[in-house]
Amino acid sequence: MNSPLQIALIGAGVMGRQHFQRLSKLPDARLCAVADPSPQAAAFAAGCGVPYFDNHRRMLGQVSPQAVIVANPNNLHVSTALDCIAAGVPVLMEKPVGVHLDEVRELVAASAGYGVPVLVGHHRRHNPLIASAHELLASGVLGQLTSVTGMWQLQKPDSYFDVLWRREPGAGMLLTNLIHDLDLLRHLCGEVAQVQAITRNRVRGFANEDSTAVLLEFENGALGSLTGSDAVAAPWSWELTSGENPVYPRQPDQPCYLLAGTRGALSIPQLKHWRYAEAVAGWHQPLISEQLAYVPAEALDRQLEHFIRIARGEARPLVDAADAGRTLALVEAIRQAAETGRACTPETL
């Protein structure tokens, strides 16, 4: 039996502490160090009973962890991961993979050049609910995928914006929230060929968007829309419908994604599969629905278990840096489309 994998945590904020809570429950991994320049991190490390460092490079040299979780600010993700890769340490990095595509290209090249894996924390892909939906779509039972509808509509409380950076460019819905939905739509429906978009900040007037409408043309020919607002009293979002995080009051009967093909349709997260009851199809014929089965499990737990297998050389990343980079490229194309009023194609890595 393997001894527990020694994992260091770089970034002891909200997400870093969530990772620690899950790590502390696993018998085959153990926290070995915390690196974070904030004063509160020293007390956190002491409470965890592990060494504290205010500099992750010093930690890498003195502790020599077998794996690292990177959960520091977005603009430090790539530079931190590059240091870990150079030290030969596998990385689980919180999303987004980076803030600019050029730095993501550098990360992809370094991961390949050193042979050190990077798993990016688009954790929703690890949810068994999504795995079941992906399997159904891959089976072709929906026929030719034609119409894709995504919704992310809820209301963030005013107190959320008491933190100054959340009012600034780059901290709006696209990079903070809709990046998750765009990643899932890519995962389920395929790559996006081009986008058109409109963003507005009319409700709050901050420097970032509070409402977004995106048109998506997928490479397989399907057409889609993704509408988002963090300023509305509405239940249509992954947070409120999936039950993935108990801090959000669940709306189990409401969908956030509707996928329709020539032979059937699927609502998510309900996992209801719709099709015609008879071989003859058409709007005069009755539709029937069936509930797909899956075994619920915590996506973040499954992601961490997957990362442990990656670090031991037993698995390849479900979402590597190049894959996550394509989601970031899609976000960038949406920003460009909103700024120019033209259809835009996501850059290739």
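Helices and strands are taken here as DSSP runs, helices of at least four residues and strands of at least two, numbered from the N terminus. In this predicted model, Pro96 is found in the loop that lies between strand 5 (91–94) and helix 5. The peptide bond joining Lys95 to Pro96 is cis, with an omega of about -5°. Helix 5 itself covers residues 101–114. Within helix 5, Arg105 and Asp102 are three residues apart, so about one helical turn separates them. Their side chains meet in a salt bridge, with 2.8 Å from N to O. Side chains of opposite charge can pair when their charged atoms come close. Over the whole structure, the search finds 19 salt bridges.

An open sheet is formed by eight strands, in the order 8-9-10-7-11-12-13-14, and its pairing is mixed. The edges are taken by strand 8 (192–200) and strand 14 (287–291); each has a single partner strand, so one side of each has no neighbour in the sheet. On average, and with direction ignored, neighbouring strands of this sheet are turned by 15° against each other.

Within the sheet, several pairings can be followed from strand to strand. Strand 7 (residues 145–153) and strand 11 (residues 257–261) run antiparallel and are joined by five bridges. Thr149 has Leu258 of strand 11 as its bridge partner. Strand 11 is also antiparallel to strand 12, through four bridges, and Leu259 stands opposite Leu266 of strand 12. Three residues lie between strand 11 and strand 12, and the two strands form a hairpin. Strand 12 is joined in turn to strand 13 by three bridges, again in an antiparallel arrangement. Here Leu266 has His273 of strand 13 as its bridge partner. Strand 12 and strand 13 likewise form a hairpin, with three residues between them.

Pro269 has its place in the loop between strand 12 and strand 13, and the peptide bond from Ile268 to Pro269 is cis, with omega near 15°. Leu271 lies in the loop between strand 12 and strand 13 and has a positive phi of about 55°, although it is not a glycine. A positive phi of about 55° is also found at Ser64, which is not a glycine either. Ser64 is placed in the loop between helix 3 (56–63) and strand 4 (67–70). Most residues other than glycine have a negative phi, and most peptide bonds are trans.

Helix packing was examined next. Helix 6 (residues 128–139) lies across strand 11, strand 12 (265–268) and strand 13 (272–276), and runs at about 170° to strand 12. Two packed helices are described by the angle between their axes and the distance between the axes. For helix 7 (residues 173–189) and helix 10 (residues 321–340), the angle is about 120° and the axes are 9 Å apart. Helix 7 is therefore oblique to helix 10, and it passes helix 10 in a right-handed crossing. On the side of helix 7, the contact is made by Leu174, Leu175, Ile179, Leu182, Asp183 and Arg186. Helix 10 contributes Asp323, Arg326, Thr327, Leu328, Leu330, Val331, Ile334 and Arg335. By class, this contact has eight nonpolar, one polar and five charged residues.

Methods
Residues numbered from 1 in each chain as written. Predicted model: local features only at pLDDT ≥ 70, side-chain atom pairs only at ≥ 80, totals over all residues. Heavy atoms only, no water. Pairing = 2+ DSSP bridges. Axes fitted to C-alpha atoms, helices over the stretch in contact; angles between N-to-C directions. Contact = heavy atoms within 4.5 Å. Parallel < 35°, antiparallel > 145°, perpendicular 65-115°, else oblique. Left-handed = near helix turned anticlockwise from the far one by under 90°. Nonpolar A, V, L, I, M, F, W, Y, C, P; charged D, E, K, R; others polar. Salt bridge = Lys/Arg side-chain N within 4 Å of Asp/Glu carboxyl O.
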